[in-house]
Structure formats: structure tokens, C-alpha cells
Amino acid sequence: MKSNLKLFLALSLLWSATLVMGQATVPWQVPAAKKSVKNPVAVSPAVIEKGKSLYITHCKSCHGDPGKGNGLPLVPKPTDPASDKYQGQTDGEMFFKIQTGRGAMPKFAEVISDNDKWSIIHFVRSLKKKSSAGAGEIILDTLPADLSVASASLSGQPITLKLKYRDSDTSLIATLTIVNEEGETVPAPGVPVAFFIRRYFGNLPISEEVDHTNQEGRVGVSIPRNLPGDTSGMLHIFARIAEPDKFGAASDSIDAICGKPSVMVNITEERTLWGRSRVAPLYIIITFFGALLIVWGTMGYVVMNVMKIAKKEA
Amino acid sequence: MEEAKNLSNSSQQEENNARRGFLKKLGLVVGAGAAMTAGAVYLGYDHEQKKNPDGKKVRVLTADGQLMEVSEAELIEAANQGTNEESELQRRGREGLPGKHWVMVIDLSKCRNARMCMAACQGAHHLRPEQHHINVLRMQDAENTEPYFMPKPCYHCDNPPCTKVCPVDATFKRQDGIVLIDNQRCIGCRFCIAACPYSARVFNWIEPLKSEEDKDIPYDVELNVPQRKGTISKCLFSADCLRKGELPYCTRACPNGVYYFGDLNEDTVTNGTTRETVRFSELIRKNGGYTVLEELGTKPQVYYLPPKNRLFPYQYEGKTTIDPEDSRVGGGRG
Amino acid sequence: MSVNKLSTEESYKSLDKIETDLLRPMTHHKGFELWILFLILIFIVGGYAYFIQLRDGLGVTAMRDYSSWGMYIGNFVFFVAASLIGMFISSVLGLLKIKWITPITRIAEMIALAFAMWAGIVIVIDMGRPDRLLNVFLHGRFQSPILWDVTVVSTYVAISLLLLLLPLIPDAAIIRRRLPNLPKWQMKIYDLLYLGWEARPEQYRIIKKAMRILAILIIPVALAIHTVTSWLFAATLRAGWDSAIFGPYFVSGAFVAGVAAVIIAMYFFRYNYKLSDYITDFHFNRMGQVLVLVSAIYIYFNLNEYFVPAYKMRTAEKLHLDEMFTGHWAILYWFTQIACLAIPSFLLIFKRMRRPFTMLWLSVLVLIGAWLKRFLIVVPVQQHPYLPIQNVPESFHHYIPTGIEITLTILPFAGVLLIITIIAKLFPVISVWEIAHEKGVDESIIK
């Protein structure tokens, strides 16, 4: 069964690939004027984070996870943005291609704002730095100066994340600490922390923005009031460091009664006339058997009466 | 503390899963012979087992050729599974997952008719190429509107017209909202096909695709496999996957991020391609989500996001317009 | 139609003639064996076709996902419709004290019983899993119209059987006296049935009361069977079926089909069984008038059913109506509506058309139209679902019945004819005692 499924997938992949085969694989020429355009958006961790989420929404379905080469097997194959071939382009070239599209590559001119496109390019560029240099080193110089100092000292030390729920303003506070060379536990500033609610199929981000810890190593987020929890309003909350390969992995989870209590109605339980439940309403059953009883009862009565014909005269 | 609890929970679950997987493999090897011997063993060991849950260890060969040591108790469980598995599948299949209310969101702006959903679905449910639990339709709402692709699964209506008319309770609504079909009960009257305004149901007019290979598999009502000649089949929201915490087959197979799936009670849906998890209500609110033919009062549980800002312009077999003969459009949006 | 009492001597003479005339076909029926053989042949062919269908599945028919109900269901609706006539003639007209129906009540009831019994079988032929028929009783849902249909059809069969059997009690007594040389097994039936009939006044009282009760009882049941059958369609959301008048529309159509069927049977029995003294031109004239009346009512419902939606032309309904009025089904549709309904009923307004021979052919036309109409109600609607039919083979878009399907549609007709033939062989097709009674024969000698 499984292998058949795979075969199916493979076949349909091939088939969808042929859909776009018509497009020639000639080099994609970008006008010189466009080539030299510089990225007007200033880089920051937030911008990169935004570019990343945009990449996931708009690009990942074809280009795959950067560096893994797991894009769709179309022809031509969508280039892995972490590859040297891709990174060899200028920012202007990337922008132009996103803007205009070609073949299976859609035109994003009106779909994504220019600023967002540049954010994606920042994200793509950050990949290059990550892959060529060691952990987190180069990317730190794109961070604001004060943070970079603090963050630089983090490298190599075990990092701890402690999550707390504050009932007064329904907010979550994550405190990050590291143990420094002197063996002291000190706050870890400048670390991006993502907060989630655990859901059945995945983790629901509490906030769209990813914030960084302050000098005290704390970062907070307030929980929206109307998030449905379980029947008691309990939410399973969980926080982790957003960029574990840079800062090390740490996470913590807590349960807090801060959601909207869910009213779980089993719609199949009530007696309904029609579709939802197996059990019919009483009036239908009474009408049904009542009518049946009357009709068949009358028939029985008639038959019994007719049998009296057979009675001999007294 | 909390973390530890979670951890132990999840590890326990993993253990359960592993064990279940193992028992399945075991079942294949041990087979019918073991069922009989184990039956006899069971009588003798029943008493002892109650005293000592670990019991005696036995060495067995698994399907992939590994030697494993299992307790007698597990062996017996595996052997009994052969006979009880089907009724257990039936019981849990009819009951559904408590506290859940499954919901699907289909983003039409992303669909480019890749049809991987259809292929994955047909593969999982052992369907013939013309049998669609999910079907990507070419739609056009009115003469001068833009055509678009619309994947159409079963809408798992909260007021399902199909279960209404079933004379034998072979198709039914579960507490988690899934409309299932029990092909061991279905009498093949096809009233449900007539009643469904969305043409979501298919019938096994002839011998199903894999009836020969599947004939010894215990029937799983949540997968509707093995399919049976003379009975109905339809989209099941991949109820078998949901039980395991996995997204439906179609949702996972989509390369374009079209499908979101989740639990309405959690107000959360997860995209099958990007695994992005978002709030259902916000997704619907921000994108103007709607349901198809809602005026029929069926309360569909599959929502659509309108085909705006499309990444890929409509194109089918080289044409950018719909052949009116081909679509005979009734109007997807009423 | 005199109701003058005859003298005892006249009574005996008259009764003797009636008995001779009406019982003769039971012993003198040329070509009876050949006819039975012919029907059995159809059964063998049909049985083989059904075997193939069971073996290979319903895929041997032209039914597919988008026309999942085809000829079989159309046939079922037709059979239920035709069976309604028993109730109409013997019950509605009978309770209205219309006298001329006496010689045709048994014909109507035979038709009713035969069609009702076979309606149940037709629906089994349509089932994908007939082996699971019992599930309907084991797991029945009271919310499903199919459960109601099964219930009312079986109830209707029972009442129709009683309505047929009760008037046979005195006739059985007469047969025992007149035809003592019939085969033994046949005599056993009469022995069982005559219940010691001695034409005593209280026996008359009992039997008449029983028949009156049944005549009243059958009205709601008969209305129910066809109304529930119409709900199989009207209870869905499909444009073209989603109609509030489907119940009365179906019932009125049923009377048209039934009256036409009775006229054909009347003609056949009149000439083949040499009953022209009993089934007279007068009866044909009256039945012709009845056919005009029921057709007029049916045309009225047709007008409502088709032209009110056509005035609005809602998207989904327009697709369906266009196909009916001017599209794929147009020829069949207009043939059914005009040639098989409007023209025959118009012609029958004129007295000179209400003669046995012309009425026979007009009735055949009406009956064919009645069958086609059910087909047109069932099939075309399904080919215009709300969402387009796509990504399926070409055969899914159309519905052209296969040979097996046609065979299995004809089979039940052979079955109906077989039941009618057997009843007509075992019993007089006209109620002897009621005719005698009507002619003024002394009641006490009818035994």
C-alpha cells in the first residue's frame, strides 16, 4: 500500500513537472539596471525573521527547505536559495526574478509588497552567511551593537529557559539564563524566544512577532483572551529559543488556565429528526409505530371478523 | 514539573505506538497458528497473568526478520487482535475522537491543480482513477469572472443530507464531526449519492481496485479499506490519520500549501505543506473565508479562502478559459 | 344495471348463466401453457442477467456516480404508481357508491397486487448489496424515507391481498360447486378460502363490513406509498427534485398510469375471456371519462412542476429545464408530455374516441408515457448536480441503459403478468357473486 502511494506521488509529480516543461531552460537575463539595485531595507533580526515566514508562505512549497535541496522536482528545478548558484546573484537580480516570475515561477509583483520581497532577500542572504561560517558568528554583526556584545558571550554555554505565567495580565514571561565562565548564572540578553500553544497538529504561535530577551534575560508576551482551551480553559503553553542553532536549544512548557473554556457539544448525542444522530426523535417513533399498529391492527381485526364466516349457524 | 509530566506523557505515547506497530508486525508472522495456540495458552495463563503482569518472556521473529523478546501477555494480545481487531476498529471508528470538531480550510489562491491530493487520497483508500474522494474542479462562478481550481473533498456537513436518508445507519456523523461510511453495513441503495448536493460520494460499481490483495485485511471503518463491491465510499477526512495525530493524506500531499486542517474547538488549523499553525478564525476573517452552497443549510465544515492574489494564473491544458461544456457550472459559491 | 329482485326461478337461471360465463376461462384458455412458457423464458433470461449483475456488480448497468439511480428506480416508481389503481377503483369509486365498477374491481385489484409485490422486488434488483436486505430491519433508521417506503409498500401489499381475497370467499364456494373436477391442489385452495360460505345474511353482513373497512383503510396507505416514494426524491436538495408538490404530483400521475393499465386489461379480458356481456362499451366509456379526469389533474400538476420553476430559471434549475425543454432530453420529454399525455386525454374528451379499440391504443400510449415520465423524473436531474462533473470518464456524463439493465427492467413486467395470469387462472376475473347480486339474483342462493 505504501509503495503504491509513493508510486502515485512520483507519477503525479512527474506529471505536474511536465506541465511546466514547456518553459525553456535558457539563462534568465536580468537587465543591467535592475541587476545593480541595492536592498533598501535595513537588516535586523526582525526583518530576517519576517523574511523567513514570508519564505515559508510563498516560496517553500517549490524551493523547499534552504540547504536541503528538497524543492519540487520541476523542470527546471527551482534553485535552492542556499546554493552557491543562487547566492551568486546580486540582490537586484533576486528582486527582479521574484518580481516578474517566469515559467513555473509565479509573478509576485502584486502579491508581496516590495518591502516584503526585500525582507525575503535578507533572509536568503542570511542563509549564505550561516552556511559558510560557523555557528552564529557572522550573523551577529548584523545585530545592533549592544545586543551583539551580550550575545557573543553566549556562545558555547548551556542556556536555560524558564517559563512563567502571570495571571494579573495574562502574560507569559520567559527568563533565559546561562552559566558564565565563572560558574555564575547570569541573564542571557538578545535571544529570540517564540511562544506557542500546543495544538493537536502543531504549535500555534501566540504572537506573530518574535521578540528578543532584554538585558535581564526576560521576554514577555500577552496571551490573547479569546483563545479556546480545554473544557476548563486550560492551555498548554510552550516556549523555545527561536534560533536554536545560533543560541542553543532550550524550551519550557506550562499549563495555565487562561483560555476560553470550550463547551464540547457532542452533536450526535441529541435525538434529531435528520442527519446527525442515530436515534430518532420520540415523536417519529411513536408516529411510525402508532400508524403501523392502527393499520395492521385493523387488518387483524378484519381478518378475525371474516373468520367468523366459518362459524356454523347456531 | 510540568515539563516532566508532558515528557512522560509523550514518551508513554511513543512507547504505545511502538508497541502497537510491533504487534502489527508480529501479527503478520504469528498468524493463525498462533491464534489457536495462544487461545489455549490464554486459558492456562490467564490466572497467572493477573498476578504478574510481566509474565513469561517469549522469543519471536518479527516480519522484518528481527528476533524479539516479548511477554506472553503481549503475544496473547496480538493473537486475539486477529479476531477482535475488526470489532475494535468498528467500535472506535463509530465513536470518533471526543472533544474534537475537525475543520478544513482550502486556500483557492494557492491551488494550481497539481492533483497530488487526489493521488495520495486514491492511493490511501485503494480507489480507482475515476473514484474521487477529493476532486479538483475547474470552476467559474459567472460568465465574466475568473476561473479557478477548487479541490472538493466531502464537506462533512454538520447537517448532513446524506446521513439523513441512510436507511441502515451505514453512513453516520461522528462526535468529532466526521461523516463516515461503514461498508460492512451499506446495502448499496445509493440514496446518499442522490441526497448529497456536492456529489461527494462514489460507489463501487465493480470489483474494487485491490479487492484481491485486500481480502484478508481487517476492515477499518476510518480508512474504508478494504473497499467492497456494491457499497459506497467517500472522503473520510483521513480519520485513521487524525487518530494518530497526523494530518489527512491530501493535506500532507499538497505541494502548494493549499490545505489547512485542524480542530474547530481549538480554533487552530495547520497547513499541510508548511506546517504553519494559525488560528482558524483569523485565517477566515482575514481572507474572507466562505463555505460552498451554504444556502442549502448543510453547514459544511470545509471552508474556502477566495482565489484572490493568485500566484498562478488559471491554466488548464494550455487554456486560460473554461470550456462551458466541460464545466456546466452551477456556481461554486451558490 | 337493474336492481330489481328476480324471482327464485329467474335467479337460478341468471346465476347459472353468470357462473357459466365467468368461470369458463378457468377451464377453457387456449394457449395458456404457451403463454406461461413464454413468461418463464423471460424469467430465465432475466435470471441470467441478474446473475451477471450479482457477479460483476452494478457496473454492468449504465449507472455511474453521477446517474446513480437509473432505469431500475424509474421502474420502481412506475410499479408503485401502477399499483395505486386498486385503491382508486375499488375504494374511492366504491365508497362513492359508483355502481358500474363492479365488473372491473377485481381486475384493478389484481393489477394493484401484482405491481405492488413486484415493486418490492424491483427495488431489490437495484440494490448494490441485496444480500444485506435484512439490515433494513436490523439497523433501520426511522428517519430514512426508505424505511417508510419498505413499511408502507409491504403494508399495501397486505391490504391489497386482503381486498382481493375477501370477495373471493363466496366465489370460492361457487367454484367448489360448479367445477368439482379441477385438480386436487386447486380444490384445496378453494376449500381453504371458502370458509364454509353458505350465503347466510350474517355472512354477507360480515364480508361487506370487512370490505368497507379495508376500502377506507387502504386510502391513506395507498396515498402514503406513492407520497413516500416521491419523497425519495423530494427529500433531497437537488434542483428538479427539490419540490414541494412532488407528493400530489406523483399520486395524480399514478392514477393516470393505473387507469390506463386497467383499460388495457379490460380490453384483453373482454376479448380473450369473452366477457363482452360484462365488460361493456359502457364501462369503456366510463373509464375513458375517468382517464380524462385524472389526466387533466396530472397535466395541472405538470404545469406547476415545470413551468413555475421555468418562469424563474434559477441557475441550477435552468440547467435541468433547458435539457428537458430544448436540450438532450427534449424529444423524449415532449413525446411524453404531448403524445403520451396531452393528445390521448384530449382525444378521449370525444365520445366517439371512447370505444374499446381506440381506447386500448391510447391507453398503451399513456402507459408508455407514464413509464418514460418516471425515467425523466429520475435520470436527468442527477446529471446536473450543483458542482460540475469533471475528471471522470466520458461514460459518467451520460446514461444510456445497457442490455442487462433493459432485461432486468422487463423481467418485473413478466412477473406482474405471471401473477395476473395465475390469479386469472385460479379465479374468475370478475366477481361472480357481486355481479349476480347486482343483477338481482336472490342472495341466499349464491353459494
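I started at the hairpin of β1(A) and β2(A), where 4 residues lie between the strands and T170(A) takes a positive phi near 40°. A reminder to myself: this is a predicted model. I then looked at the strands themselves: β1 (residues 159-166) and β2 (residues 171-179) of chain A pair in the antiparallel sense over 8 bridges. I159(A) has I178(A) in β2(A) as its bridge partner.

Next I went to chain B and its sheet. In what order do the strands of this open sheet run? I read β12-β11-β10-β3-β13, 5 strands with mixed pairing. β12 (277-279) and β13 (302-305) of chain B are at the edges with a single partner strand each, so one side of each has no neighbour in the sheet. From one strand to the next, the twist averages 25°.

On to the helices of chain C. I found α2 (residues 32-56) and α16 (residues 403-426) of chain C packed at an angle of about 145°, their axes 8 Å apart. The crossing of α2(C) and α16(C) is left-handed. Residues that meet here include F32(C), W35(C) and F43(C) from α2(C), and L411(C), L418(C) and K425(C) from α16(C). By type, the residues of this contact of α2(C) with α16(C) come to 17 nonpolar, 4 polar and 1 charged.

The axes of α3 (residues 71-83) and α10 (residues 201-234) of chain C come within 9 Å and cross at roughly 160°, which makes α3(C) roughly antiparallel to α10(C). This crossing of α3(C) and α10(C) is also left-handed. V77(C), V80(C) and A81(C) of α3(C) meet I225(C), H226(C) and T229(C) of α10(C).

Last, I turned to where chain C touches chain B. How many residues of each are in contact? I have 42 from chain C and 43 from chain B. On the side of chain C, α6 (135-138), α7 (145-165) and α13 (315-325) each supply at least two residues. That side of chain C divides into 21 nonpolar, 14 polar and 7 charged residues.

Key
Residues are numbered from 1 along each chain as its sequence is written. Chains are lettered from A and ligands numbered from 1 in the order in which they are written. This is a predicted model: local features need pLDDT of at least 70, side-chain atom pairs count only at pLDDT 80 or more; totals for chains, interfaces and linings use all residues. Axes are lines fitted to C-alpha atoms, for helices over the stretch in contact, and angles run from 0 to 180 degrees between N-to-C directions. Angles under 35 degrees count as roughly parallel, over 145 as roughly antiparallel, 65 to 115 as roughly perpendicular and the rest as oblique. A crossing is left-handed if the near helix is turned anticlockwise from the far one by less than a right angle, and right-handed if clockwise. Two residues are in contact if their C-beta atoms, placed from the backbone, lie within 7 Å. Two strands pair if DSSP finds at least two bridges between them. Ala, Val, Leu, Ile, Met, Phe, Trp, Tyr, Cys and Pro count as nonpolar, Asp, Glu, Lys and Arg as charged, and the others, Gly among them, as polar.
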